[in-house]
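Look at the model below before you read on. Then try each question yourself.

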Amino acid sequence: MSKDSPSKAVKIFTMFILSASIFAAASLAIAVYDVFQEKQTLQLRVSELDAEFKKLQADNFYKKDYYNRLLNDEQFARRIIRETLGYSGERETIFKFDEKTFSAVRTESANASTNSSSRNGN
């Protein structure tokens, strides 16, 4: 055996180190890729949550404004009560339409029905 040629053990050791280095590099590349994917997923989730937060802020602002208007604006409160609860004022008639038949149903004023029942002794 000549002095310049490496021994069989050195060749095996070199191949082992080279294989281990390739495996470590591949493992590191996979880990970096996984971290990159997770970062993109988290960034997408953050933007979704930010959009939802802004929507909820706008909804909260609208509801606070609506609530304050109900408390402080009598005309607004009356209109909402009439539209949502179906109340009417004195000497007013409310017409409710059946959506299926498009026929009107007449409803007398709540005050008028109370007054008529008190006149009848009920």
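The questions below go from the overall fold to single side chains.

This is a predicted model: local features need pLDDT of at least 70, side-chain atom pairs count only at pLDDT 80 or more, and totals for chains, interfaces and linings use all residues. Residues are numbered from 1 along each chain as its sequence is written, and side-chain values use heavy atoms, with hydrogens and water left out.

Q: Which pattern does the protein follow along the sequence?
A: Helices (H or I, at least four residues) and strands (E, at least two) are DSSP runs, numbered from the N terminus. The protein has three helices and two strands. Read along the sequence, the pattern is α-α-β-β-α.

Q: What percentage of the 122 residues in the protein is buried?
A: Buried means under 20% relative accessible area, exposed over 50%, and partly exposed in between (1.4 Å probe, protein chains only). Of the 122 residues, the buried share is 6%.

Q: Among contacts between residues at least 6 apart in sequence, what share joins residues at least 24 apart?
A: A contact means heavy atoms within 4.5 Å. Take the contacts between residues at least 6 apart in sequence; the share joining residues at least 24 apart is 0%.

Q: Which residues form a nonpolar patch on the surface with about 340 Å² of accessible area together?
A: Patches are made of residues with over 30% relative accessible area and no salt bridge; like charges are joined within 9 Å, nonpolar side chains (Val, Leu, Ile, Met, Phe, Trp, Tyr) within 5 Å. Accessible areas come from the Shrake-Rupley method with a 1.4 Å probe, and for residues only the protein chains shown count as cover. One member lies in helix α1 (residues 8–72) and is exposed, at 53% relative accessible area. The patch consists of Phe13, Phe16 and Ile17.

Q: Which residue forms a salt bridge with Lys54?
A: A salt bridge is a side-chain nitrogen of Lys or Arg within 4 Å of a carboxyl oxygen of Asp or Glu. Lys54 is exposed at 51%. With the closest N and O atoms 3.5 Å apart, the partner is Asp50.

Q: How far apart are the closest N and O atoms of Arg78 and Glu74?
A: Side chains of opposite charge can pair when their charged atoms come close. Both residues lie in helix α2 (residues 74–85), four residues apart. Arg78 is partly exposed at 46%, and Glu74 is exposed at 52%. The closest N and O atoms of this salt bridge are apart by 2.6 Å.

Q: What kind of aromatic pair do Tyr62 and Tyr66 form?
A: Rings of Phe, Tyr and Trp (its six-membered ring) pair if their centres lie within 6.5 Å; planes under 30 degrees apart count as stacked, over 60 as edge-to-face and the rest as tilted. The structure holds two aromatic pairs. Tyr62 and Tyr66 are 6.0 Å centre to centre, with 35° between the planes, so the pair is tilted.

Q: Which residue pairs edge-to-face with Tyr66?
A: The ring centres are 5.4 Å apart and the planes are at 85°. The pair links distant parts of the chain, from helix α1 to helix α2, 10 residues apart.

Q: Which residue has its charged end over the ring of Phe76?
A: A charge sits over a ring if NZ of Lys or CZ of Arg is within 6 Å of the ring centre and within 35 degrees of the ring normal. Here the charged end is 3.9 Å from the centre, and the residue is Arg69.
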